[in-house]
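User: I would like a close look at one part of this model, followed by a connected account of other local features. Please keep the wording careful.

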Amino acid sequence: MQAWQVHENGEPSEVMRLADVERPTPGDGQVLLKVRAANINFPDVLMCRGQYQVRPPLPFTPGVEICGETEDGRRVIANPALPHGGFAEYAVADAAALLPAPDSLDDAEAAALHIGYQTGWFGLHRRARLEAGETLLVHAAAGGVGSAAVQLGKAAGATVIGVVGGPEKAAAARDLGCDVVIDRRAEDVVGAVKEATGGRGADVIYDPVGGDAYTQSTKVVAFEGRIVVVGFASGTIPSPGLNHALVKNYAILGLHWGLYNTKNPKLVQHCHEQLTEMAARGAIKPLISERVPLGEAAAAVQRVGDGVTTGRVAVLTGGEA
């Protein structure tokens, strides 16, 4: 079969190589899946660079999220068991963690429903307890993680403010349903949020960026607001001043979605049922900006790493075009 492999750490476009390799052999409790579509996530970029908390042994195949097909023909959503990731024709995954792919979504959309939307659902509902009528601020609102949070926030009845970088991403954020869109390259984020909220600030802030975005968050979080720390796409991990959190009376909430797979897997299943129902009625729909063939995966992963994509980029290995 064909699979992309990383033999040394570095930029994805330089270290990912397409090769003919043997199909992976499932271990105990695992199944072999034919990959129909693989969604590109920022952790794929970080793993290529050797900067992710999970460091699979070299050589490995990246791709942490797929829509696959079982031997009996079922479409499923899975997180492949590394080092045999999803940028390949076949992958292996834990049988107990397979989730049914919603009939309302095609392969690329189904592949993108999992990590980003589960992270958003747990972040907004389980951690931040977002309520209808509250104001939600989403950093990188046109990206893969941010776009999911925007849709989930709107579905929950929140007023959503999206922060983006550039006019193309601003247009995408408006299409996603943001009530207010702020282009951080052309506007003062802090001033614009305060103006949009009448000086009150945002009740919940969803931050997959870190760095300057986190600093801005602390300046616009409302009384009893919650900042959900999801990731550090900027490459800079903030060092929060806890005295500031005390004085302004806000909460800083960490979210590591992957822990729920081991700590409380029933909640992951419950969340998937909620997401499937929302997808069926059209309340959420993954924004797939690009669908590329397997041979173009490395360049696509690089584009995600460079921050020039909107929504999700899907690698198609079979099924639809």
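Is Glu 224 buried or exposed, and what is its relative accessible area?

Analyst: The model is a predicted one, and what follows should be read with that in mind. Glu 224 has a relative accessible area of 51%, and because the cut-off for an exposed residue is over 50%, Glu 224 counts as exposed. Glu 224 is found in strand β12, which covers residues 221-229. Most residues other than glycine have a negative phi, and most peptide bonds are trans.

Arg 129 is placed in the loop between α4 and β8 (135-139), whereas Glu 224 is in a strand.

Peptide bonds come next. The bond from Leu 58 to Pro 59 is cis, with omega near -10°, and Pro 59 has its place in the loop between α2 and β4 (66-69). The bond from Leu 82 to Pro 83 is also cis, with omega near 20°, and Pro 83 is found in the loop between β5 (75-78) and β6 (90-94).

Another proline, Pro 208, is in the loop between β11 (202-207) and α8 (212-220). Pro 208 has a relative accessibility of 12% and so counts as buried, the cut-off being under 20%. When its neighbours within four places in sequence are left aside, Pro 208 is in contact with His 139, Ala 140 and Val 145, and also with Val 230, Gly 231, Phe 232 and Ala 233. The C-alpha atoms of Pro 208 and Ser 234 are separated by 8.6 Å, although these two residues are 26 residues apart along the chain.

The aromatic rings give a further picture, with a count of 2 aromatic pairs. In one of them, Trp 121 and Phe 122 are edge-to-face, at 5.2 Å centre to centre and with 80° between the planes; both of these residues are buried. In the pair of Phe 122 and Tyr 260, the ring centres are 4.2 Å apart and the planes lie at 35°, so this pair is tilted. This pair links distant parts of the chain, with Phe 122 in helix α4 (residues 115-127) and Tyr 260 in helix α10 (residues 260-263), 138 residues apart. Tyr 260 is buried, as is Phe 122, and the ring pairs link Trp 121, Phe 122 and Tyr 260 into a cluster. A ring with a charge over its face is that of Tyr 90, where Arg 23 lies at 4.0 Å from the ring centre.

The axes of helix α2 (residues 42-49) and helix α12 (residues 297-306) come within 9 Å and cross at roughly 100°, which makes α2 roughly perpendicular to α12. At this crossing, Phe 42, Val 45 and Arg 49 in α2 meet Val 301, Val 304 and Gly 305 in α12, and by class the contact has 4 nonpolar, 1 polar and 1 charged residues.

Terms used: Residues are numbered from 1 along each chain as its sequence is written. This is a predicted model: local features need pLDDT of at least 70, side-chain atom pairs count only at pLDDT 80 or more; totals for chains, interfaces and linings use all residues. Side-chain values use heavy atoms; hydrogens and water are left out. Rings of Phe, Tyr and Trp (its six-membered ring) pair if their centres lie within 6.5 Å; planes under 30 degrees apart count as stacked, over 60 as edge-to-face and the rest as tilted. Buried means under 20% relative accessible area, exposed over 50%, partly exposed in between (1.4 Å probe, protein chains only). Helices (H or I, at least four residues) and strands (E, at least two) are DSSP runs, numbered from the N terminus. A charge sits over a ring if NZ of Lys or CZ of Arg is within 6 Å of the ring centre and within 35 degrees of the ring normal. Axes are lines fitted to C-alpha atoms, for helices over the stretch in contact, and angles run from 0 to 180 degrees between N-to-C directions. Angles under 35 degrees count as roughly parallel, over 145 as roughly antiparallel, 65 to 115 as roughly perpendicular and the rest as oblique. Contact means heavy atoms within 4.5 Å. Ala, Val, Leu, Ile, Met, Phe, Trp, Tyr, Cys and Pro count as nonpolar, Asp, Glu, Lys and Arg as charged, and the others, Gly among them, as polar.
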